[in-house]
Amino acid sequence: MSRLTAENVTLAYDQRVIAENLSVAIPDHSFTVIVGPNACGKSTLLRALSRMLRPTAGSVLLDGSAISSLPAKKVARTLGLLPQSSIAPDGITVSDLVARGRYPHQGLLRQWSADDERIVEESMAATGVGELAERYVDELSGGQRQRVWIAMALAQQTPLLLLDEPTTYLDIQHQIEVLDLCAELHEEQGRTLVAVLHDLNHAARYASHLIAMKNGAIIAEGAPSEIVTAELVERVFGLGCQVIDDPETGTPLVIPAARKPRRATADDPVDGSDGSDGGAERGAGGGPARRAAATTAVS
């Protein structure tokens, strides 16, 4: 039995229904990634799984019990969440914010300990923010703040960790570092991770279980190598493509179809007649040379 499931849930914001009769079971000890086009319901599903959004029908179950019926601290010791956008209190330092991840483990009989201090330091080191420990969060860049929030989620040390677009605001190097860290948590510590990602190639490379959504429904789920096909990408994203083996990992790699060149018309200027260096400009700028060399990530 999966520790985290949704059974026939209807998810809505006020009267606007996002998904109806939606069921999903997150495989234990998996790195599950949810993908799909904008406004398909993937972040809404994650919010429901984390108890941030209560279904108008159906139930989300954590360890067999309705998650809405469980005490908040019990849920927080089992399930961690990195939301899509987070706001830090004014005047809080990085180390103090990361330390808040230890709050669910505190109580009348258990106060702050050396173990808590060690876990906070390890979480900051793992996300590369250790040197920022005494800086104020509100003076950091967007990418630095995102890594601090991830450090706080790690400090919570829950067996289940939900992340809504964890690579937002990060440059490509830090995107890969964060996803590598997620893979380590999954592979080496056995944690169950559920993430929403926009980049389909990142999802196919890192996920052990992939869920593809469209219009509030699950279109396909399973191992990326089994479900990521050109037909699925066309159906879910409306994008023509080829799917090949990633030369680094052997996982599916989506190559979007090239834009077809516009057919010349009688009104188009002849090369050089508009004052430009026609042929040289095409090769150096946006013509076929650029299209042949470009590789575009699918998101």
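Which backbone oxygen does the side chain of K42 reach at 3.1 Å? I looked this up and found the backbone oxygen of P37.

**Ground rules.** I am working with a predicted model, where local features need pLDDT of at least 70, side-chain atom pairs count only at pLDDT 80 or more, and totals for chains, interfaces and linings use all residues. Residues are numbered from 1 along each chain as its sequence is written, and side-chain values use heavy atoms, with hydrogens and water left out.

**K42.** I placed K42 in helix α1, residues 42-49. Helices are DSSP runs of H or I with at least four residues, strands are E runs of at least two, and both are numbered from the N terminus. A polar side-chain atom of K42 also lies 2.9 Å from the backbone oxygen of G36. I count a polar contact as a pair of N or O atoms within 3.5 Å; within protein, one must be able to donate a hydrogen and the other to accept it, and residues adjacent in sequence count only if both atoms are side-chain atoms.

I then checked charge. K42 is buried but has no salt bridge. Buried means under 20% relative accessible area, exposed over 50%, partly exposed in between (1.4 Å probe, protein chains only). A salt bridge needs a side-chain nitrogen of Lys or Arg within 4 Å of a carboxyl oxygen of Asp or Glu. The nearest side chain of opposite charge is E165, 5.6 Å away. Lys and Arg count as positive, Asp and Glu as negative; His and the chain ends are not counted.

Beyond four places in sequence, K42 touches residues including I34, V196, H198 and M213. Contact means heavy atoms within 4.5 Å.

**The sheet.** I traced an open, mixed sheet of 6 strands in the order β6-β7-β8-β3-β9-β10. β6 (79-82) and β10 (217-222) each have a single partner strand, so one side of each lacks a neighbour in the sheet. Strands pair if DSSP finds at least two bridges between them. β3 (31-35) and β8 (192-196) run parallel, joined by 4 bridges. T32 has V194 as its bridge partner in β8.

α1 lies across β3, β6, β7, β8 and β9, at about 150° to β7. Axes are lines fitted to C-alpha atoms, for helices over the stretch in contact; angles run from 0 to 180 degrees between N-to-C directions.

**T127.** Is T127 buried or exposed? I logged T127 as buried, because its relative accessibility is 9%. T127 sits in the loop between α4 and α5. Its side chain has a polar atom 3.0 Å from the backbone oxygen of S123.
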